[in-house]
Every structure is written in structure tokens, then in C-alpha cells.
Amino acid sequence: MALVIKDDKVVYIAPPKKLTSKEKKMLEDAPVNHKLIKRATSRKYNVV
Amino acid sequence: MLKLQKYTSKNTSHRLGIDVLSSVELSEDINQSQREKYFIEDICKRVQKSNTVLYLLKHNHDILGFVALSVSSIGDFPSLQIDYLFVNYKFRGKKLEVLDNLKTSSYLVEFSIEVAHEIQELAGLRYLVLLPDNNKLQQVYKDIGFLNLPKQDWLYIKL
């Protein structure tokens, strides 16, 4: 989700634009969950 | 029949929020219910403005839940963002046979991965990202397969 409520108003929050070099490295080095992605992408979705 | 009904600015009227709210059950807790109402109204307005695309998951006449997706980035990395994921109250926590024995939230996340995968074949995309609404949901999404950055509330799945 990217929505929060502040002062009774819904506010949209974007992901951080500035990352530390450590955070960038963590993202780059993160493992791909092949099992999850294979299961998700091998299913037929009925989009209409 | 199970289907994902797609709503974009091209096929959405100003009534989308009203129609969705009249077809789903919100939380029993009055404060949480009010938050969900605000979020649904807001996300439907964002659909009309082309800021997000909404996929309503329906089984026969039941709305199981929905997910709203937009293009974003985390740092310099192009990402698909889950703007909002909602599960109809009466289906929360339930594994449904029609969803391959997944919970509605897991099914919608896996559908989001499929959308990300399709976009990735056309343009650069590295991550699926979301910001959980609370700490309890952090763990729910981690159980699904999301990872988190230390000191950040944002979660991601590397594609």
C-alpha cells in the first residue's frame, strides 16, 4: 500500500528516492524467489 | 467463474468508489472500517486520473478483493508498486479452493508478480514494492515472500 491517513486526509507515499549505498547493495544482491515467481507466472489469470 | 475485472481511466466512471463500497464488507472495527472507506474512495479517484490501475477479483457474484498497481521506483530502480490491496472482510484469512488454495491477498500478490513479469518483457523493471499499512501486515507480506530493507517500512520482491 502506498496510502496513509494524515490529518483526516488520504496521503500518497512514494518509495524512497534516495537509498544508501548499503541499501542499494542489498537490493542488488537480494535473491530472486524463483519458486514464488514460477508459481505466479505459470497460472492463467482471467483478466476482463 | 473467477475473473479479474480491470479498471483504468478509460472504462471507469465516477461511481466506481460507490459501486465497490456497496459490494464489499469492510472491517468490523469502526476506525479501521473508516480508513478502508477513505482508501477505497481515494484509490478509485486515482484510477480515474490514470495514476493507478485497479483489478477487482470476482468469483461469481462475490468480490473477493482487489489490487491497485502503478509504476514507480525505489531509489533508481524501476518498480511496480502495489498502491492498495484490499480483501473483502468475509474472505480475510481464508484459503479458497478457487484461488488454488491461496488466501485472496496471496493470490493478488501473485497476480501482481505476473503483471510485473509482463511489463518486464516490454520495459525495465526490477522490483515489486509495497508499503504495509501496519506491523501485522508487514509479517503477512514477508510470509508471502516480500523482503524488507533495514530501517525502511517498504517491502520488495526482486523480479
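Mentor: We take a helix, a core and a chain contact in turn. The model is predicted.

Trainee: What makes residues 30–48 of chain B a helix, H2(B)?

Mentor: A helix here is a DSSP run of H or I with at least four residues. H2(B) has 19 residues, so it qualifies.

Trainee: How do you know what span is expected of H2(B)?

Mentor: Take 1.5 Å times one less than the number of residues. For H2(B) the expected span is 27 Å, and the helix reaches 27 Å from its first C-alpha to its last. After H2(B) comes Ser50(B), with a positive phi near 65°.

Trainee: Why can Val67(B) belong to a nonpolar core?

Mentor: Membership takes a buried residue of a listed type, Val and Tyr among them, joined through C-beta atoms within 7 Å. The largest core has 53 residues, and Val67(B) and Tyr156(B) touch the most other members. Beyond four places in sequence, the contacts of Val67(B) include Tyr55(B), Leu85(B) and Phe111(B).

Trainee: How many residues of chain A are in contact with chain B?

Mentor: 29 residues of chain A are in contact with 39 of chain B. H2(A) gives the largest share of chain A's side, 5 residues.

Trainee: Which class leads on that side of chain A?

Mentor: Nonpolar, with 21 residues, against 3 polar and 5 charged.

Key. Residues are numbered from 1 along each chain as its sequence is written. Chains are lettered from A and ligands numbered from 1 in the order in which they are written. This is a predicted model: local features need pLDDT of at least 70, side-chain atom pairs count only at pLDDT 80 or more; totals for chains, interfaces and linings use all residues. Helices (H or I, at least four residues) and strands (E, at least two) are DSSP runs, numbered from the N terminus. A residue is buried if 20 or more other C-beta atoms lie within 10 Å of its own, exposed if 12 or fewer, and partly exposed in between; C-beta atoms are placed from the backbone. Two residues are in contact if their C-beta atoms, placed from the backbone, lie within 7 Å. Ala, Val, Leu, Ile, Met, Phe, Trp, Tyr, Cys and Pro count as nonpolar, Asp, Glu, Lys and Arg as charged, and the others, Gly among them, as polar.
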